[in-house]
Amino acid sequence: MGVQGLKSYIESSDRNYLRSWAFRDNRLIIDGCNLFYALYFDCNLDQMHGGDYDAFEELIIQFFKNLAACDIRPYVVLDGGTDHTDKKLDTIMKRKQQKINAAYALSIGKRGTVLPMLIKNVFRQLLHKLKVPLVQCIEEADWEIAALAKEWNCPVLSNDSDFYIFNLKAGFLPITHFQWKNVSVDRRTNKKFIQVKHFTVGKFCESFKMNADLLPLFASISGNDYVKLPNIKDLDWEEYSVTGMKNARIDGLLNWLSQFPGPEEALSALLKYIDNKEKAIAQEALLKGIEEYKLIPGSLAQFFNSKVIPQTALTGPLQVLPEWTLKPLLEGRMSATIIDALLHQRVFLISQVENFELPCSSETSRPIRQVIYGLLLLGEKQTADKQALKIFTGTSKRYVEEYGRQELTISNQKVEAIQTRVMEELQLDTLWKEPHDVRLQVFLDTLGVSSTMLRGIPRALQLQMFATRYWLVNAQPQPCQVHLWGLLLGMVYGKLKSTPKTERDMQFRLKLQTGRGRIYLEEEAAHLYSQWQSCLKWSLTLNRLLCLPLSEPECARLYSGTLVHQVVRELRRGIALESLLMRGSSAEHLFKQLKDAIVSLVGEDFINKMKTGLERRDAGKTQNGYKAQNQSIDDLSSWFEHLMNEDIDDNEDDDLDWNRRNSIAIRTRHKAKARNAYHPSKKSERRCFDL
């Protein structure tokens with residue numbers, strides 16, 4: 001949701017709507033998606049090169065460490081799938097196009113904001129490691145966050161402007177003004193606190209002498225993500241403004257509403273401005289909009305306290321979710337993508353910085369998604385209705401509509417759900433009961449790995465190595481050796497993050513250009529690493545759906561975009577691979593282990609036939625990187641675990657205006673290559689499933 005312009009109106013006003021508060025010793029409900037979005041962009045972490053997850057990990061650790069120092073007890077709530085009514089679909093489509101535009105802007109050195117593909121995976125994994133209480137909603141989180149905050153009488157931390165509308169007694173703390181980096185000390189009590197800005201609906205409405213019940217009508221008239229009535233939104237509200245501010249439309253509408261005792265009277269007066277033919281439609285839409293902000297006790301408190309599954313997840317449209325998936329979904333241990341695939345047969349793919357002259361980087365991982373869709377849709381319990389439909393249509397094929405991009409435009413295509421050899425007898429409702437060997441075989445078949453390959457790979461490395469093998473075999477264009485070595489060295493560096501900085505730098509002889517240095521973007525490397533991340537992301541999703549037949553690696557330690565791109569540049573310049581690691585060090589040993597694992601999976605001939613990629617490449621665009629200080633998390637994990645037990649006992653995206661036809665010149669030879677040679681899904685189907 002969100003009311004356009006309201007945030008800037010409140011922050012720029014001289015009426016002191018946001019008041020300073022020394023915040024400490026309190027519960028805090030955190031809008032998780034807003035938090036990781038704000039932290040990543042506010043701290044200027046890498047976006048061009050696929051993300052620096054290690055630096056992001058350090059940020060998150062420090063954030064929750066500072067909360068703990070001030071006795072702030074966090075409860076993080078994440079969005080799940082899209083609303084089952086599809087009332088926000090238009091907004092989702094618009095934002096998807098904006099993200100494509102932003103990714104393209106970054107790829108040519110312009111401004112844009114793009115979250116790296118694995119950010120949510122890293123965030124969820126890290127919060128579990130820190131033992132921070134976390135719930136992933138089945139659908140969107142805004143209403144549930146507000147309902148929980150009202151029930152517990154504690155503030156919400158977010159940047160979503162809808163929290164200026166929900167009437168929360170304990171108020172709202174905008175992340176923009178949450179000074180978490182600067183922990184202060186009260187001189188009188190010697191207790192630590194975080195300086196924040198605090199908003200309450202009561203104080204806000206007092207300044208207008210307005211009934212707080214009118215704010216939901218204000219949001220609906222203004223037009224949020226759910227209510228879009230341009231004939232009302234565009235009325236000349238500016239004439240009622242008394243401030244002369246740039247947000248005169250919002251100010252005027254608030255002043256106009258303040259003359260009415262309640263929403264019924266205001267709605268009646270408003271409908272007089274509407275053409276008779278549209279009155280009924282407008283009234284219904286506005287009343288539905290008002291309902292979105294009515295708060296009753298939600299379901300999150302019970303789940304936080306005792307892991308009770310919300311009744312809403314067990315009945316109605318959401319009943320398509322098998323009961324065994326609900327707990328891992330709510331705990332954030334399973335991707336919410338499965339909700340959209342099951343409920344809507346629709347999946348939105350993540351836009352990344354890549355080569356926009358080539359097909360979307362997510363194309364490479366499509367066969368993995370097809371197996372996921374097969375488990376979800378072909379493994380459903382066969383009801384009488386579904387059996388009758390099969391007889392009537394003569395087919396049992398099922399499809400998921402995937403939304404990606406074609407060049408610079410959002411596009412969609414129907415993707416068939418498929419089965420591997422061992423999937424035909426599997427039922428989704430009982431998938432978790434299947435023997436480990438069966439679930440493992442589904443994963444191996446999907447990624448084209450034989451059982452004999454499994455034996456030589458250490459268990460802790462298996463999933464990331466299998467995803468890397470799949471990428472090497474299926475990626476287009478074909479990765480060069482420098483891309484593989486860069487990726488493996490990035491994994492080595494991630495492993496070394498737990499060692500002291502001086503020792504790490506000594507073992508890993510590459511001076512990272514971060515912060516002030518110029519970091520170049522090579523489109524081929526960007527595209528290939530986006531493909532690799534997509535393969536890893538969907539391998540993680542498949543592994544979770546199969547109830548973890550393989551150990552899940554720490555995503556934050558697997559990829560550092562700034563580093564791997566720099567390694568590629570250094571190797572292309574002719575720097576010897578061996579010179580980047582100290583001889584005899586643990587880093588060299590780990591690199592050899594990773595290299596041997598890949599060689600055992602694809603064969604030495606495959607590696608030898610790969611292009612070396614040692615030719616020089618022209619420098620591309622630049623971007624500032626980021627590198628934070630490493631933090632220990634053991635004490636912090638214990639603190640949050642103790643805290644949880646104790647409590648139980650008692651941005652908007654930039655809307656770039658692109659002209660698709662004029663913004664990029666598609667070279668004919670690349671288009672021909674993409675059309676004629678780029679069919680990884682077909683190749684992979686033959687490779688993986690003809691068993």
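Arg405 has Ile410 of β11 as its bridge partner. This is a predicted model. The two strands involved are β10, residues 399-406, and β11, residues 409-416. They pair in the antiparallel sense, and eight bridges hold the pairing.

Together β10 and β11 make a hairpin. Two residues lie between the strands. Glu407 sits in that turn and has a positive phi of about 55°.

## The parallel sheet

In what order do the five strands of the open sheet run? The order is β4-β3-β2-β5-β6, with parallel pairing. The edges belong to β4 (134-136) and β6 (172-174). Each has a single partner strand, so one side of each is left without a neighbour in the sheet. From one strand to the next, the twist averages 25°.

β5 and β6 run parallel and are joined by three bridges. Val156 stands opposite Phe172, a residue of β6. In a regular strand, side chains alternate between the two faces of the sheet.

Which strands does α6 lie across? The helix lies across β2 (26-31), β3 (72-78) and β5. Its direction is at about 175° to β2.

Asn153 is placed in the loop between α6 (142-152) and β5 (156-158). Asn153 is not a glycine, yet has a positive phi of about 55°. Is Asn153 buried, partly exposed or exposed? Its relative accessibility is 43%, so Asn153 counts as partly exposed.

Lys307 is found in the loop between α13 (300-306) and α14 (323-330). At 36% relative accessibility, Lys307 counts as partly exposed.

## A cis peptide bond

Where is the cis peptide bond from Gln476? The bond runs from Gln476 to Pro477, and omega is near 0°. Pro477 is in the loop between α20 (462-474) and α21 (481-496).

## In brief

The backbone details to check in the viewer are these. The bond from Gln476 to Pro477 is cis. Asn153 has a positive phi.

Terms used: Residues numbered from 1 in each chain as written. Predicted model: local features only at pLDDT ≥ 70, side-chain atom pairs only at ≥ 80, totals over all residues. Heavy atoms only, no water. Helix = DSSP H or I, 4+ residues; strand = E, 2+ residues; numbered from the N terminus. Buried < 20%, exposed > 50% of the residue type's maximum accessible area, 1.4 Å probe, protein only. Pairing = 2+ DSSP bridges. Axes fitted to C-alpha atoms, helices over the stretch in contact; angles between N-to-C directions. Contact = heavy atoms within 4.5 Å.
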